[in-house]
Amino acid sequence: MLVLVVDSSTPAVTAALVEVSADGVASRAQRCTVDARAHGELLAPQVDAVLADADARPRDLTAIVAGLGPGPFTGLRVGLVTAATMGQVLGIPTYGVCSLDAIGYPAASGAPVLAGSDARRKELYWAVYDGAGQRIVGPEVSAPAVAAARARELGATIAVGDGAHRYAEVLDLPVRVEPRYPDATVLALLAAERIRAGAPSERLTPLYLRRPDAVAATGRKPVLP
């Protein structure tokens, strides 16, 4: 089964094609560009590129997997709208996965790990994973120091993700180099059971965790003196 994976929850804009079989999940093509200001411009061309790289067409897709965040409002909605629209047009199911899971799960090495991505405003989107890579707390958004204190209470010995790199001094935990951003193959792996079972399409509900930075004006200013 050929599956499209998209994630725009972090500065890394990702599109990938993976093959899901009874034996596992294998990457067929992937494009990833780190640019926090160009999610809307980058994602659609990257979807076209991975289809071309794999010599596939949209009608060959069986399902679409999307990273649900948490992430900033503007960037995150690009991936989710793209996935939902394609799923509706093609008549194929869409499945959502917490984007932090695709950072924390592959970092599991027997001890709890803190996975974080930059939430701006000097805050961190974060979750804690046990030694097997299962999420035990989160996702949440808070000051890095708050996340670090909670992670230590749970026995975390390392941190991972772009947010961990950004706030390494505050977290005061060893930071693993990779994965820095959500891994597309892992996103598909975490949805693979649903894909194989032909589970019903899911509503892709974004994990914003807080209100968007931009707000509508509450009143009108007079134009004339």
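Here is a short chat about the salt bridges in this predicted model.

Biologist: What makes Arg135 and Asp101 a salt bridge?

Modeller: Their closest N and O atoms are 2.8 Å apart. The cut-off is within 4 Å, from a side-chain nitrogen of Lys or Arg to a carboxyl oxygen of Asp or Glu, so the pair counts.

Biologist: And where do the two partners sit in the chain?

Modeller: Arg135 is in strand β8 (residues 135-142) and Asp101 in helix α3 (residues 101-104). They are 34 residues apart, so the pair links distant parts of the chain.

Biologist: Why is Asp101 called buried?

Modeller: Because its relative accessible area is 13%, and buried means under 20%. Arg135 comes out at 36%, so it falls between the 20% and 50% limits and is called partly exposed.

Biologist: How do you know that Arg180 and Asp162 tie together separate parts of the sequence?

Modeller: Their side chains meet in a salt bridge, 2.8 Å from N to O. Arg180 lies in the loop between α6 (168-171) and α7 (184-197), while Asp162 is in helix α5 (residues 162-166), so the bridge joins parts 18 residues apart.

Biologist: Is Asp162 buried or exposed?

Modeller: Buried: its relative accessible area is 14%, and the limit is under 20%. Arg180, at 32%, is partly exposed.

Biologist: What about Glu202 and Arg194?

Modeller: Those side chains also form a salt bridge, at 2.9 Å from N to O. Glu202 has 27% relative accessibility and Arg194 has 23%, so each is partly exposed, being between 20% and 50%.

Biologist: How many salt bridges does the whole structure have?

Modeller: The search finds seven.

Definitions and conventions: Residues are numbered from 1 along each chain as its sequence is written. This is a predicted model: local features need pLDDT of at least 70, side-chain atom pairs count only at pLDDT 80 or more; totals for chains, interfaces and linings use all residues. Side-chain values use heavy atoms; hydrogens and water are left out. Helices (H or I, at least four residues) and strands (E, at least two) are DSSP runs, numbered from the N terminus. Buried means under 20% relative accessible area, exposed over 50%, partly exposed in between (1.4 Å probe, protein chains only).
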